[in-house]
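Hi,

Here is the structure I promised to pass on to you. Have a look at it first, and then read my notes below.

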Amino acid sequence: MEFRGYQERRHFANLDGLRFVCISMVLWHHATPGDLNQIQILSRGFLGVDFFFVLSGFLITTLLLREARDYGRFSLRDFYIRRALRILPVYVFVVSAVSFYYVGLKGRSDLADLVPFYYLFLSNFLTDHIPTLSITWSLSVEEQYYVIWPLLMLLLTRRPLIWLALVVVTANVLGSMGIFDLTAPQIGPLTLKLPNASYAPIIMGALLALALDHPRSHALAARCLGGRWTALAGFALLALAIHLTPVEIRGWPNLLIHTLMTATLAALVLREDNTGLGLLRQPLIARVGAISYGIYLYHLIALDITNRALGLAGIAHDWALLAAYSLLSVLIAEVSFRTLEAWFRRFRPHPRQRHAPAPAA
């Protein structure tokens with residue numbers, strides 16, 4: 001894809017399919033059939049969250065860069081409103097409902113002190129969690145990125161921004177290896193330490209957006225990653241890395257996996273007629289990807305419901321659990337998308353684009 005064509009493209013057709021891949025990995029991770037859990041590649045579905053991070057960093061940065069190019073600068077206010085209306089309705093509903101169930105109905109008063117930190121998007125620093133809310137750690141990482149990164153884009157020019165991002169990635173990777181050996185501050189139930197390089201993939205996605213938004217680096221990326229087979233090769237190399245890297249994934253294995261994720265994402269957006277990946281654009285696959293945010297937040301609730309239902313029915317088959325809870329997660333998310341989320345979407349500020357909407361994020 002030529003640079004001008006890339007800049008004018010307002011929808012990346014492969015990315016809902018990529019979201020499908022990511023959410024499928026997460027669903028698999030939380031209900032992997034026991035007889036397959038010993039195979040390393042099949043035990044690392046949690047890396048679907050990392051791929052979500054890379055995708056999110058890329059899309060958010062691309063949206064802001066294009067708004068700034070079209071209008072001189074992007075609206076920080078409109079960005080925060082759009083993000084709030086996209087993220088908060090489902091998130092607040094799930095956190096409130098689950099907290100009320102365990103603290104109010106089940107009498108788990110010991111969990112009450114944790115509730116405020118979910119609303120403050122600090123759950124990535126919690127060492128204990130309310131059941132089914134442990135997955136909100138990733139939403140906290142994203143929200144922290146949403147708050148800080150756009151401010152940096154307003155304050156810094158391109159080159160200092162890139163250097164700062166590289167420093168953050170390097171420090172995050174080295175920190176995950178314990179290189180700095182710092183004592184983590186403890187504030188109530190919070191421990192201000194991350195066990196893995198959680199910020200690295202989202203910043204790497206942002207760096208990809210910055211690279212593809214510049215003519216020279218876009219041309220280089222197109223030469224290296226713009227082939228018809230490149231995206232499929234990227235997925236294959238990523239699968240090999242996930243399977244062959246050491247059991248301890250911190251440090252260079254994490255960086256390798258995140259780099260391959262970033263390269264694969266680049267291949268998917270540089271050209272959309274990728275050989276062997278037409279499935280990513282199939283309507284059903286794309287639809288599941290489009291509602292993947294809701295699936296992610298609801299899926300542990302669906303897993304708990306399915307576990308109880310299968311137990312009452314006397315069904316104890318791992319594959320039945322995986323299929324049933326995955327389907328229930330999709331159904332709940334679809335209903336939520338058409339009702340709760342649809343109501344709030346009406347209030348999103350209209351993009352200031354004169355000709356076409358910004359890329360969906």
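Searching the whole structure turns up 14 salt bridges. Keep in mind while reading that this is a predicted model. The general idea is that side chains of opposite charge can pair when their charged atoms come close.

Let me start with Glu272 and Arg9, whose side chains form a salt bridge at 3.1 Å, N to O. Glu272 sits in the loop between α11 and α12 (283-290), while Arg9 is in the loop between α1 (3-8) and α2 (15-29), so this pair ties together parts that are 263 residues apart in sequence. Are the two partners buried or exposed? Glu272 is buried, because its relative accessible area is 16% and the cut-off for buried is under 20%. Arg9, with 29% relative accessibility, counts as partly exposed.

The next pair is Asp273 with Arg228, where the side chains meet in a salt bridge of 2.8 Å, N to O. This one also links distant parts of the chain: Asp273 is in the loop between α11 and α12, Arg228 is in the loop between α9 and α10 (230-244), and they are 45 residues apart. Asp273 is partly exposed at 35% relative accessibility, and Arg228 is partly exposed at 42%. Which residues make up the network of salt bridges here? Arg228, Arg271 and Asp273 are linked in it.

One more pair to click on is Arg287 and Glu334, with a salt bridge of 2.7 Å, N to O, between their side chains. Arg287 belongs to helix α12 and Glu334 to helix α14 (residues 318-338), so to speak two distant parts of the chain, 47 residues apart, that the pair links. Arg287 counts as partly exposed, with 31% relative accessibility, whereas Glu334 counts as buried, with 15%.

Now for how helices pack. Two packed helices are described by the angle between their axes and the distance between the axes. Which residues make the contact? From α9 they are His218, Ala221, Ala222 and Leu225, and from α11 they are Ala263, Ala266, Ala267 and Leu270.

Gly205 is part of helix α8 (residues 200-212), and its relative accessible area is 0%, so Gly205 is buried. Leaving out residues up to four places away in sequence, Gly205 touches Val54, Gly57 and Phe58. How far apart in space are Gly205 and Leu328? From C-alpha to C-alpha it is 31 Å, and in sequence they are 123 residues apart.

The other one is Ser292, in helix α13 (residues 292-313). Ser292 is buried as well, with a relative accessible area of 4%. Again not counting residues up to four places away in sequence, Ser292 is in touch with Arg19, Ile23 and Phe52.

Take Leu151, which lies in helix α6 (residues 137-155). With 36% relative accessibility, Leu151 counts as partly exposed.

Last, some backbone angles. Most residues other than glycine have a negative phi. What is the phi of Phe121? Phe121 has a positive phi of about 55°, although it is not a glycine. You will find Phe121 in the loop between α5 (115-119) and α6, and Phe121 counts as buried at 10% relative accessibility. Thr132 has a positive phi too, near 70°, and Thr132 is a residue other than glycine. Thr132 lies in the loop between α5 and α6, and its relative accessibility of 17% means that Thr132 counts as buried.

Happy browsing, and write back with any questions!

Terms used:
Residues numbered from 1 in each chain as written. Predicted model: local features only at pLDDT ≥ 70, side-chain atom pairs only at ≥ 80, totals over all residues. Heavy atoms only, no water. Helix = DSSP H or I, 4+ residues; strand = E, 2+ residues; numbered from the N terminus. Buried < 20%, exposed > 50% of the residue type's maximum accessible area, 1.4 Å probe, protein only. Contact = heavy atoms within 4.5 Å. Salt bridge = Lys/Arg side-chain N within 4 Å of Asp/Glu carboxyl O.
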